[in-house]
Amino acid sequence: MKAFVIELENKPGGLATAAEALAERGINIENVAGVTCGTDGVIGLITNDEAGTRSALDGRGIGFREIELISAALENRPGTLGDAARRLASAGINIELLLPTGMEGGKVSVAFGVDDASAARQALGELATVAR
């Protein structure tokens, strides 16, 4: 599973333009997170149609990059995110995006957008789960 990372100017309408481009193609945004810092903003999103998302964003001239996601199930208690992040860091893996994806039975599911999916899966070990 991949996420799309879109860098935007921090001004009104950036998110609207990207979301409208997807909606016009009938593409559903299944998860999104965003943040701004100064004059820049970034959104990371997961959709129900990766090929369609590429086409829709390209068609509107919206720059993006794709990153592989590795899902993990973390116990819902202090320290588990830090432990998972340390496993990745110790393996030399950069986390480029973190998206919460759900909660079930005392576990929080998260998706790590990483620069090396195979190594991340190995580093996370028993925490890694199968993505949708």
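I started at the contact between two helices: Ala-84, Arg-87 and Leu-88 in helix 3 meet Ala-120, Ala-123 and Leu-124 in helix 4. Contact here means heavy atoms within 4.5 Å. I sorted the residues of this contact by type and got five nonpolar, no polar and one charged. For that sorting, Ala, Val, Leu, Ile, Met, Phe, Trp, Tyr, Cys and Pro count as nonpolar, Asp, Glu, Lys and Arg as charged, and the others, Gly among them, as polar.

A note on the source: this is a predicted model, where local features need pLDDT of at least 70, side-chain atom pairs count only at pLDDT 80 or more, and totals for chains, interfaces and linings use all residues. Residues are numbered from 1 along each chain as its sequence is written, and side-chain values use heavy atoms, with hydrogens and water left out.

**Packing geometry**

I looked up how helix 3 (residues 80–90) and helix 4 (residues 117–124) pack, and found an angle of about 130 degrees with the axes 9 Å apart. That makes helix 3 oblique to helix 4. The cut-offs are under 35 degrees for roughly parallel, over 145 for roughly antiparallel, 65 to 115 for roughly perpendicular, and oblique for the rest. The axes are lines fitted to C-alpha atoms, for helices over the stretch in contact, and angles run from 0 to 180 degrees between N-to-C directions. Helices (H or I, at least four residues) and strands (E, at least two) are DSSP runs, numbered from the N terminus.

**Helix 3**

Which residues of helix 3 are buried? I found Thr-80, Ala-84 and Leu-88. They cover an arc of only 75 degrees around the axis, which puts them on the same side of helix 3. Buried means under 20% relative accessible area, exposed over 50%, and partly exposed in between (1.4 Å probe, protein chains only); the arc is that of the directions from the helix axis to the C-beta atoms. The face turned away from that buried side carries the exposed Arg-86 and Ser-90. I listed strand 4, strand 5, strand 6 and helix 4 among what covers the buried residues of helix 3. Gly-92 follows helix 3 and has a positive phi, near 75 degrees.

I also checked Ile-95, which is found in strand 5 (residues 95–104). Leaving out residues up to four places away in sequence, Ile-95 touches Ala-85, Leu-88, Phe-112 and Gly-113. At 31% relative accessibility, Ile-95 counts as partly exposed.

**Helix 4**

In helix 4 I noted Ala-117, Ala-120 and Leu-124 as buried. Their arc around the axis is only 60 degrees, which puts them on the same side of helix 4. Ser-118 and Gln-122 are exposed on the other side. The cover over the buried residues of helix 4 includes strand 4 (65–75), helix 3, strand 6 (107–114) and strand 7 (128–129). Just after helix 4, Gly-125 takes a positive phi of about 55 degrees.

**Helix 1**

Last, I turned to helix 1 (residues 14–23), where Glu-20 lies. Glu-20 counts as partly exposed at 42% relative accessibility. The buried residues of helix 1 are Gly-14, Ala-18, Ala-21 and Leu-22. They cover an arc of only 100 degrees around the axis, which puts them on the same side of helix 1.
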